[in-house]
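Welcome! Take a moment to look over the structure below, and then we can walk through some of its features together.

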Amino acid sequence: MAVGKDTDYSNLSKDSLLEKIQQLTERNSQLSEKIDQLGGAAVQRADPNPDAEPFNHFEYIFNQLNDAVFLTEFTKGGPRNFSEVNDEACRRLGYTRAELLQKSIVDISTQDGLKRMPDILRRLKEQNHVVFSARHIARDGREIPVEVSSTRFSREGKTFVLSIARDVSERLSKEAELDTQNRFLIDVIESLKHPFYVIDAKTYQIVLSNSFAGIRSGDLCYRKTHHREKPCHHHGEACPLKIIVETKEPTVVEHRHLDQNGNEQFFEVHGYPVFDSEGNVSQIIEYTLDISEKKKVALELKESVEKFK
């Protein structure tokens with residue numbers, strides 16, 4: 001199915017649409033977990049060769065980092081050529097160590113990065129440490145998005161900046177995919193012509209809702225639909241969220257809701273579970289069908305039958 005803002009999903013069958021929404025919601029959770037993992041610490045690589053002598057522990061650690069490291073001396077005239085770089089910096093940018101030591105931060109920065117450099121250097125001088133986003137230019141012309149952590153220090157009367165640059169290409173790709181999935185999910189639920197929302201299974205807060213629901217994200221489901229301060233089951237009604245968390249199965253219940261003016265309405269509530277990576281219900285997808293007219297007709301029919309008895 002193509003992802004597009006103008007796509008109309010209103011003609012899909014109920015089951016197909018709900019299956020798609022469940023898949024998208026679970027995919028969003030997986031992407032969020034992946035993004036968190038990508039933001040973690042650098043991982044060391046293979047163990048050192050025990051037969052290599054002499055063994056320089058600092059040099060080994062320096063060159064085993066998965067982040068690129070650049071040491072630069074700064075003078076009144078600006079940054080000099082790199083004083084030191086690690087293996088990852090060379091590998092990522094496509095230069096030998098000797099070649100990269102003949103270059104400076106200016107040589108691997110984009111035009112936008114050069115424009116921002118005076119402000120970064122000002123902050124670095126004031127705080128001695130800054131974290132910022134940039135793009136490094138590799139030997140083949142590729143622009144690599146990085147997150148840079150730079151620290152300023154002095155040694156033997158000279159000023160140096162140690163910069164550790166993490167490649168965030170994969171993280172940005174996952175974030176872009178997550179954003180696309182979110183926009184697609186919003187397009188889908190906005191196509192529905194009845195109230196729809198996603199509810200946090202622990203807090204009862206609305207995580208996502210369509211315009212037809214008239215409920216904002218962050219609202220408590222029972223407070224908005226029932227005008228109460230406690231969940232449905234505290235008032236003797238079947239709570240779809242509680243049922244789904246306990247059974248891990250979809251459910252359908254009838255509820256009496258109050259509109260914004262306090263008028264009574266009857267709804268058929270359909271709830272579906274969304275599972276986290278450990279198999280627990282983290283959210284529920286819920287949509288409601290107004291059956292007020294159906295209940296009214298049933299009541300009139302019952303009264304008519306009673307009259308003829």
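## Strands side by side

Two strands count as paired if DSSP finds at least two bridges between them. This is a predicted model, and in it Ile199 stands opposite Ile284 of strand E10.

Is strand E10 enclosed or open? Strand E10 (residues 281-290) is largely enclosed by the rest of the structure, because 7 of its 10 residues are buried.

In soluble globular proteins, nonpolar side chains tend to be buried together. The largest nonpolar core here has 25 residues, and Phe70, Phe82, Val85, Leu93 and Leu100 touch the most other members. Elements that each supply at least two residues include strand E1 (68-75), helix H5 (111-127) and strand E4 (143-155). Beyond its neighbours within four places in sequence, Leu93 is in contact with several residues, among them Phe70, Leu100, Ile108 and Ile144.

A second, separate core holds 16 residues, including Tyr197, Ile206, Cys221 and Cys239.

## A buried serine

Ser109 lies in the loop between helix H4 (97-100) and H5. Its relative accessible area is 11%, so Ser109 is buried. The Ser109 side chain reaches the backbone oxygen of Ile105 at 2.6 Å. Leaving out residues up to four places away in sequence, Ser109 touches Leu114, Met117, Arg135 and Ile137.

Note on methods: Residues numbered from 1 in each chain as written. Predicted model: local features only at pLDDT ≥ 70, side-chain atom pairs only at ≥ 80, totals over all residues. Heavy atoms only, no water. Core = buried A, V, L, I, M, F, W, Y, C linked by side-chain atoms within 4.5 Å. Buried < 20%, exposed > 50% of the residue type's maximum accessible area, 1.4 Å probe, protein only. Helix = DSSP H or I, 4+ residues; strand = E, 2+ residues; numbered from the N terminus. Contact = heavy atoms within 4.5 Å. Polar contact = N/O pair within 3.5 Å; in protein donor to acceptor, adjacent residues only side chain to side chain.
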